[in-house]
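Have a go at each task before you read its solution.

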Amino acid sequence: MSLKRIQPRSRWLPALLVLATVAAGGARLVFLSVQEHADQARRAAEGVAARCANAIESQLAALTTAAARAASARPLPTGQDRFEMGSDGHLAASGASNAANARAIASEWAATTPASSISATPGALLGPLREGSEWLVAARAPLAAGAAPAAARWMVAYTDLDRLFAQAQLARLLGPTYDFALAQHDPGAGARRIFLSSQTQPLGSPATRLIRAPAGFPFASHGALEFQVRPRVGWYPTRTLASDVGLLALVTWLLTFITHDLTQRTQRLQAALGGSRRRLQSAHQQLQREIEQRQALQQSVDHARYHDPFTGLPNRRYFMDQLDRRLRLARGRSGDLGVFLIDIDRFELINETLGHTAGDELMVQAGRRFQKVASAEGSVLARWGGDQFALLVPGISAGETVRSLAEELQTALQEPFDLRRHRLSVTARVGLTTIDAGPHRAEDVMREADVALSVAKRQEASNWVAYTPAMGGDVANMVSLEADLHVALERRELKLLYQPIVDLQGGGAVGAEALLRWRHPVEGVLRPDRFLSIAEDAGLIVPITRWTVRRVCRLAGEWRQRLPAGTSFFLSVNLSAVALRDPELDDYVAELLRETATPPEMLKFELTEGGLISNVAGAREMLERLRSTGVQLMLDDFGTGYSSLNYLQLFPFDYVKIDRPLVSDGDSQRGVASLASAMVQLASSLGLTPIAEVVESQATADALAEMGCHFGQGNFFCAPVEAEEALNCLSGGTPAERSAHPEAYTQWEDDSPTLVLPAGSITEENGPP
Ligand code: C2E
Ligand code: CA
Ligand code: CA
């Protein structure tokens with residue numbers, strides 16, 4: 001509740017209630033107290049009145065006694081305040097000192113007392129009656145018999161009220177706090193006569209006490225005397241009332257004030273509490289929000305930590321965690337696991353040609369398709385790397401299940417992918433391994449799958465390969481091959497064979513392609529596919545390339561001298577794309593050409609599309625620079641990769657080597673022939689010279705010649721041979737001669753297990769560059 005919302009009424013209501021209650025209760029108390037006080041005062045006043053009346057009565061009794069005593073005395077005493085009186089009211093001669101008083105009393109007496117009643121009341125009291133400034137009271141007693149006729153003579157004693165009061169010590173009895181009055185009620189007149197009073201006004205509701213006449217001396221006059229007493233301050237003393245009311249008001253005010261103050265404090269406290277509660281609530285809500293945000297953040301961090309951002313699939317870390325967990329769970333229990341590594345073929349190429357977005361999209365779509373295949377309970381599909389997925393499938397063992405799953409993974413890719421504006425078919429290689437119960441480490445399992453994958457990549461027969469322990473040796477081989485390759489150049493184990501390129505229109509050899517061989521001391525002669533990728537990975541491709549170019553240039557110089565003057569020929573060198581990253585390759589080539597006095601047109605370089613596409617800008621720049629040295633360039637293996645027209649035009653090629661343009665297998669021959677023809681025409685129309693590669697038969701050679709392809713290369717003409725034999729070809733040996741004199745064209749046996757060359761055949765050119 002806010003302070004604003006506290007209504008003034010509600011703020012005042014408790015105080016007003018307290019005010020009303022306390023005022024009403026207090027007023028009642030004050031009223032009762034005043035009443036009680038008045039009652040007490042009245043009782044006290046009545047006591048005082050009684051005592052005063054008693055005192056007055058005693059004085060009256062004394063007066064009557066004085067009168068009676070005087071009446072019985074002989075001789076009759078005379079004195080100041082007594083006199084003798086006849087029954088008719090005349091005064092006897094014995095005379096009072098104050099004759100006026102005596103006369104007044106006697107006449108009053110005569111007036112008030114009828115003669116008939118005189119004898120009935122021998123003694124009587126009279127008064128008070130006024131004489132001058134005094135009020136007198138008199139008592140008469142009949143004179144004793146014998147002194148005079150009894151009924152006719154009286155002795156009267158009198159006194160004035162002041163004296164009587166003084167003798168009665170009324171001042172002492174009354175004290176300073178009471179007013180008094182001596183009054184007589186006259187029932188006939190219905191009014192009171194006041195004889196003496198301490199106040200000028202009649203006393204309001206006084207405490208009254210009748211004054212009784214002494215025995216035998218009734219009051220002669222009508223009406224009884226009464227003594228009235230009233231406290232000076234009244235029955236309800238204003239001061240007490242005022243102080244009570246004041247106290248009440250003070251208490252009321254205090255209580256009201258306290259209540260109001262308490263109410264306000266309480267309300268302020270409530271408001272403050274409300275505020276605190278609201279602040280606490282909002283702090284709590286804030287905290288709640290922060291906790292939720294933190295949790296969401298933690299979740300997204302966790303998600304990011306364990307997921308691939310593009311495909312949304314679990315990542316390598318997650319996969320390894322899961323694999324590790326499953327392996328630990330499976331330990332000692334039966335329950336086989338299959339682990340598949342799936343590698344999308346040519347992914348790099350797709351990235352380079354269609355862009356990384358298309359590459360990512362391909363992985364997303366491929367991931368979705370694999371997920372459908374890997375729907376078994378507990379399966380985990382993860383993105384393993386750039387173009388690889390890893391799949392963990394529980395509960396399968398080597399055999400039919402694994403085979404069918406591997407094939408399903410391949411089938412999932414059969415339908416072409418729609419990537420932005422492109423429709424693309426892709427294939428994948430799968431390496432897999434299965435684990436039965438028993439201790440295994442996740443790293444070892446993945447290494448097995450990886451070994452199987454690398455075998456799958458190298459072989460043509462099947463797209464998937466299951467790991468066998470024998471493969472471990474292959475991989476170990478690759479590692480030791482790399483070590484051996486480092487010293488191969490020094491040990492002069494590399495050599496070049498040359499495969500002639502012939503004129504299909506009947507002419508002889510026009511040139512030769514240099515093909516690399518490694519005479520491995522243990523493995524025998526190895527072909528480039530066995531060691532080139534190792535050389536590329538090990539950073540040995542640049543020295544090997546330089547060595548090849550130097551070797552070829554020197555050979556060209558040698559051949560020029562040995563061939564008839566004016567014979568034109570060329571030697572072509574295969575350039576790996578990685579070799580193009582040698583920034584001084586063009587300078588090196590130019591220097592060699594100068595050094596060996598080789599005309600640049602005698603040297604040509606062959607490059608495959610795939611290598612160029614992975615680094616278009618860099619490759620193009622280096623190719624331009626090479627070409628500016630005067631050497632010509634050949635696009636190798638056209639027809640096997642993308643065979644993209646764009647690339648033909650992007651790079652400064654002069655020749656196109658069409659790979660296996662014709663395969664003579666019956667039905668499809670016609671289609672293949674028309675495709676080969678189209679490629680030949682395409683090359684020609686772009687101003688490039690086509691060379692048909694891997695020509696293996698006469699029919700192919702003839703068909704190519706018919707199509708207008710000028711040059712050919714292949715085992716039909718001549719397999720890769722030693723330099724000397726290649727020279728023979730150049731100097732006039734034709735395919736026809738070759739078949740006529742096969743001994744002259746002895747094919748260099750590639751696959752001899754070991755080949756130890758005679759020491760003399762190793763020239764200084766075989767050494768390191
Ligand atoms: P490539 O440039 O396409 O070379 C032609 C390959 O086809 C050679 O295999 C050759 O022996 C083979 N061949 C030629 N005619 C026939 C035929 O009628 N039938 C069959 N079945 N095969 C034939 P090789 O020598 O094993 O070379 C393989 C690849 O290695 C070459 O393919 C080339 O790309 C690469 N290469 C060879 N030498 C070098 C080199 O010095 N440097 C670089 N960077 N790569 C090289
Ligand atoms: Ca080649
Ligand atoms: Ca080729």
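**Exercise 1.** At what angle do helix H7 and helix H11 pack, and how far apart are their axes?

*Solution.* Before starting, note that this is a predicted model, where local features need pLDDT of at least 70, side-chain atom pairs count only at pLDDT 80 or more, and totals for chains, interfaces and linings use all residues. Residues are numbered from 1 along each chain as its sequence is written, chains are lettered from A and ligands numbered from 1 in the order in which they are written, and side-chain values use heavy atoms, with hydrogens and water left out.

Step 1: find the elements, which are DSSP runs numbered from the N terminus (helices: H or I, at least four residues; strands: E, at least two). H7 spans residues 316-330 and H11 residues 442-458.

Step 2: take the axes, which are lines fitted to C-alpha atoms, for helices over the stretch in contact, with angles running from 0 to 180 degrees between N-to-C directions. The angle is about 115 degrees, and the axes are 9 Å apart. H7 is therefore roughly perpendicular to H11 (under 35 degrees counts as roughly parallel, over 145 as roughly antiparallel, 65 to 115 as roughly perpendicular and the rest as oblique).

Step 3: list the contacts, meaning heavy atoms within 4.5 Å. Phe319, Met320, Leu323, Asp324 and Leu327 of H7 meet Ala442, Glu443, Val445 and Met446 of H11.

**Exercise 2.** In what order do the four strands of the open sheet stand, and which are at the edges?

*Solution.* The order is S1-S4-S3-S2, with antiparallel pairing.

Step 1: look at the ends. S1 (82-86) and S2 (124-131) each have a single partner strand, so one side of each is left without a neighbour in the sheet. Neighbouring strands are turned by 30 degrees against each other on average, direction ignored.

Step 2: check one pair. Five bridges join S1 to S4 (residues 153-160), and Gly86 has Arg153 as its bridge partner in S4.

Step 3: H2 (residues 99-112) lies across S1, S2, S3 (134-142) and S4, at about 120 degrees to S2.

**Exercise 3.** Which residues coordinate the calcium ion (ligand 2)?

*Solution.* Step 1: collect donors, which are N, O and S atoms within 2.8 Å of the metal (3.2 Å for Na, K and Ca); water is not among the atoms, so sites may look incomplete. Glu513 (OE), Asn574 (OD1), Glu606 (OE) and Asp636 (OD) coordinate this ion at 2.0 to 2.3 Å.

Step 1: Asp636 bridges ligand 2 and the calcium ion (ligand 3), which lie 3.8 Å apart.

Step 2: Glu513 is in S17 (residues 509-520) and Asp636 in S21 (residues 632-638), so the pair ties together parts that are 123 residues apart in sequence. Both Glu513 and Asp636 are buried (under 20% relative accessible area, with exposed over 50% and partly exposed in between; 1.4 Å probe, protein chains only).

**Exercise 4.** With which strands does S17 pair, and in which sense?

*Solution.* Step 1: S16 pairs with S17 in the antiparallel sense over nine bridges, and Leu496 has Leu516 as its bridge partner.

Step 1: S19 (residues 570-574) pairs with S17 in the parallel sense over four bridges; here Ala514 stands opposite Val573.

Step 2: S18 (residues 524-526) runs antiparallel to S17, joined by three bridges.

Conventions
Pairing = 2+ DSSP bridges.
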